[in-house]
Amino acid sequence: MNSPTSTVPPAGQLPPAAPHVVAAAVEGLTSRLRKKLDAAIEQYAATPAVADGGNIRIRCGEDAVVTLSPGASGAIADDGQACCSCLLAPRCLHRAAVLSACPVADADADADADADAGTDADTGARAAGTTTGPTAAQVAAASGLWAAAAATLSAGVPAAGAVPQAELLRAAHTARLAGLPRAEAAALRVVRGLRAARDRHDGHRLADLVAALRELLLVAGRLAAADPDPALVGSVRRSYQPGGSLRVYGVFREPVISGTGYGGVVTHLVTEDGRWFSVADVKPGGPARARGAATAPVAIGPAMLNHAQLARSGLLIAGATISPDGRLGAGGGVRATPIDGMSWTAGPLAALFARPLAEAVGARLSGQVWNESEAAERAGEPVGCDLMIVGAAGDHVLARELLPAGVPSERSGPEGDDPARRPLPTGVPSERSGPEDDPARCPPPAVRPDGPLIRLIPAGSHPDLAHVANLRQLASRPGTLVRVVGRLDPDRAATLRPLAIGPVPGAEATLRLPAGWQGRADLGYDRLQGSHLPPHDACAPWQAASEADVDPVAGAPLWRVRRLVELAVAGGRRAVAEHARGGDSHAQGAPLRRAGFEAAAELAAALTAEADRRSRDVFGRLTDSGPDGYAWAWLAAAIHLAAADQALVQASWHAGRF
């Protein structure tokens, strides 16, 4: 197991803190101190943290120094790991503010550390759902989460300061103790989203906070009603089980920079039968650690490989341990032997690129929108395709899908010259070709004539990573053919986030990568240069189609419902009520109905009506009707919107449907 000092974040950064530790610190404050908490958090978050051996110190005044002592996981997981030198400690404003300024730790941070160190390969026994329905304790915990989430929704981001966040964190911890990992995880995502929104973080997206709150309210509400669906309970993310012997081949590395202060790398691997696995090295440290982990040693058995090498080679693993999300463990009984890697033109990887993209998209976007974790897991599995770069538009690169090898092109005739099918010159060796890349065996590719215009957006925007710069390089050479491994963006029309690229077999207008890269580039780490692109005269002239700036999802009348759903989160119930009083709610219904979105119009009207609903007591005085009815109305509109958006995104991958 790593020593505590090895997981202390760099100077200036605070370690993650467990939800129950933060909640307890806030609950210990007097009412007077709670009113000062948000201002104190802002002040102490800007105060430099000083690393001192295994401790982190934050000076909060002349006589007040808060000392944080992270555990082996790198997180503050116990009340005693956060101390203050002032006379009011531990019920002091300094300690509560510093803990509230820390990133929210993952609920299973300690289990992650143990599993990576090989000391806990059987944590899955803690996460069990039953078909007989939730227990009384689980129903009570879910009811508490529902109440906290509904109050947060009613208040909106501006009023969801440290105290409401602490109530959510306390309810999340209660859900953890009751064995409700899915609800707990959703609550932690909501708190992180609230903090990012209030701090105006560059990476914050209101849509992410909406999705997290939708998931939390749906899961908590159904559990509070004793819904017996075992999927509502969920499972612990890192539950390692024996996996026997595995032969895995590296495909690409992916840098990780999380909003919780963690950083590192995940190397993705595939087996001969096409199953995906991964090896992770993610710990506190943020962007600096994500850079350094690119060449960090792989902690699986005695195999002396780093992540850069593993991404281009393979492992023969005996006694493997595997988590439900496909992560490989590093227990003491695991043995691994390095083996040669697999080309992207052979075995399961060749099959990955032979499948039409629309078919792969259909499988990835088939998850239920009301099960956020399931939908995200399906959408997150990598897809492969061959593309032609056609230019750039705004912050994204435009591309067209290429037909799989052997499919005739409709653009070329017996006497026609199809620029996209120009073969390599006969008899001229290519540095990028191997036995599988013989032009005689791999016919040059052609653009799929009925495919959509695909948008490529960076998988990460942090300036320390190479994603943005690499996409700029690709956009500078229209007509370049690339083989891409990436993930779908489930919220945008025909959009991919590329993670790794390589040359297209049998093509002249494709990448010329260094021999040391072994035919692939990890877009988060490897930086493309102009010399890696094909010559201008080898690239087919291509102009982006007129639909380059057309987004069928953003352009649909559903944007009216989306704006209302997001307004409810950003501004709270009062903002939605004012929106209704202004007459906007009546104006938005007609366009929705004309476009055939009858249900969306009805749900939007119900939400605005509930937001402005006021009850009266027996004396005719206005009273608060409570947040429950409003929360259910918002949830119905949000779920319907998510389902409609998913259908539009799926259809956007079939160009003929728009």
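In this predicted model, the axes of helix H17 (residues 559-571) and helix H18 (residues 573-581) come within 6 Å and cross at roughly 135°. That puts H17 oblique to H18, oblique being what is left once angles under 35 degrees (roughly parallel), over 145 (roughly antiparallel) and 65 to 115 (roughly perpendicular) are taken out. Axes here are lines fitted to C-alpha atoms, for helices over the stretch in contact, with angles running from 0 to 180 degrees between N-to-C directions; helices are DSSP runs of H or I with at least four residues, numbered from the N terminus. On the H17 side, Arg563, Leu564, Leu567, Ala568 and Gly571 meet Arg573, Ala575, Val576 and His579 of H18, where contact means heavy atoms within 4.5 Å.

Helix H6 (residues 136-155) and helix H21 (residues 628-652) pack at about 80°, their axes 9 Å apart, and are therefore roughly perpendicular to each other. Trp146, Ala150, Leu153 and Ser154 of H6 make this contact with Asp628, Tyr630, Ala631, Trp632 and Trp634 of H21.

As for rings, Trp344 and Phe353 sit 5.6 Å apart, centre to centre, with 35° between the planes, a tilted aromatic pair (centres within 6.5 Å; stacked under 30 degrees, edge-to-face over 60, tilted for the rest; the six-membered ring for Trp). Both Trp344 and Phe353 are buried, that is, under 20% relative accessible area with a 1.4 Å probe, protein chains only.

Residues are numbered from 1 along each chain as its sequence is written, and side-chain values use heavy atoms, without hydrogens or water. Local features need pLDDT of at least 70 and side-chain atom pairs 80 or more, while totals for chains, interfaces and linings use all residues.

Technical notes:
Helix = DSSP H or I, 4+ residues; strand = E, 2+ residues; numbered from the N terminus. Buried < 20%, exposed > 50% of the residue type's maximum accessible area, 1.4 Å probe, protein only.
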